Amino acid sequence: MSSNYFDFRLFRFSEPGKAPLQWQGNGKSGILIIYNHSELATEDRTFLENILKAVKLSPVADHVFLLGCPPGEHWPLSSICRDHAITTVYIFGTPLAQLGIRAELPPYSFTRLGDLSLLRAHALSTIRKEREQNKNEKAGLLWQALKAKYL
């Protein structure tokens, strides 16, 4: 019985140039924010803008790229970041495998992966809804991570 050691995919690639057509913002600060829907709800966008304003990343449209990654879509994160000078990625609620990351990242903590600094967190809607109920566990963890990096 012959076995081929190379019968699996090491990397998953999307169409080249697809991400810049679907993201929003200018990304002047080299930050990419990935969220787990095709479109960011108005309440979640306002919540995100308030968070980023607190760490002096406003206006958001100038400082960051926003990219929706709904279930089933895959993005080659490493090549996107390399091709667009992105150094920091916030991942809100998107499974890491969809981004081509085959490692477990601790939540609410910046982790270095090569030249990238990655922050994994729950979906923005989950954090926002918890905060609206005066429960600040997830929002507090997010704030501590951002404060440690930027302030």
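Rings of Phe, Tyr and Trp (its six-membered ring) pair if their centres lie within 6.5 Å; planes under 30 degrees apart count as stacked, over 60 as edge-to-face and the rest as tilted. By this rule, ring pairs link Tyr90, Phe92 and Phe110 into a cluster.

This is a predicted model: local features need pLDDT of at least 70, side-chain atom pairs count only at pLDDT 80 or more, and totals for chains, interfaces and linings use all residues. Residues are numbered from 1 along each chain as its sequence is written, and side-chain values use heavy atoms, with hydrogens and water left out.

**Aromatic pairs**

The whole structure holds 3 aromatic pairs. Trp23 and Phe65 are stacked, at 4.3 Å centre to centre and 20° between the planes. Trp23 lies in the loop between helix 1 (18-22) and strand 1 (31-35), and Phe65 in strand 2 (residues 64-68), so the pair ties together parts that are 42 residues apart in sequence. Here helices (H or I, at least four residues) and strands (E, at least two) are DSSP runs, numbered from the N terminus. Tyr90 and Phe92 make an edge-to-face pair, 6.5 Å centre to centre with 80° between the planes. Both Tyr90 and Phe92 are buried.

A charge sits over a ring if NZ of Lys or CZ of Arg is within 6 Å of the ring centre and within 35 degrees of the ring normal. Lys149 places its charged end over the ring of Phe110, 4.9 Å from the centre. Lys149 also lies over the face of Tyr150, at 6.0 Å from the ring centre.

**Sheet**

Two strands pair if DSSP finds at least two bridges between them. The sheet is open, has 5 strands in the order 2-1-3-5-4, and shows mixed pairing. Its edge strands are strand 2 and strand 4 (111-113), each pairing on one side only. Neighbouring strands are turned by 25° against each other on average, direction ignored.

Strand 1 and strand 3 (residues 88-92) run parallel and are joined by 5 bridges. Ile34 stands opposite Ile91 in strand 3. Helix 2 (residues 42-54) packs on the sheet and touches strand 1, strand 2 and strand 3. Contact means heavy atoms within 4.5 Å. The direction of helix 2 makes about 150° with that of strand 2. Axes are lines fitted to C-alpha atoms, for helices over the stretch in contact, and angles run from 0 to 180 degrees between N-to-C directions.

**Accessibility**

Buried means under 20% relative accessible area, exposed over 50%, partly exposed in between (1.4 Å probe, protein chains only).

| Residue | Relative accessible area | Class |
|---|---|---|
| Trp23 | 11% | buried |
| Phe65 | 9% | buried |
| Cys69 | 1% | buried |
| Cys81 | 4% | buried |
| Tyr108 | 10% | buried |
| Pro106 | 40% | partly exposed |
| Lys56 | 63% | exposed |

The structure holds 0 disulfides, a disulfide being a pair of cysteine sulfur atoms within 2.5 Å.

**Loops**

The loop between helix 2 and helix 3 (60-63) contains Pro59. A cis peptide bond joins Ser58 and Pro59, with omega about 0°. Lys56 is in the loop between helix 2 and helix 3. Its phi is positive, about 60°, although Lys56 is not a glycine.

Tyr108 lies in the loop between strand 3 and strand 4. Tyr108 has a positive phi of about 60° and is not a glycine. Pro106 lies in the loop between strand 3 and strand 4. Not counting residues up to four places away in sequence, Pro106 touches Thr111 and Arg120.
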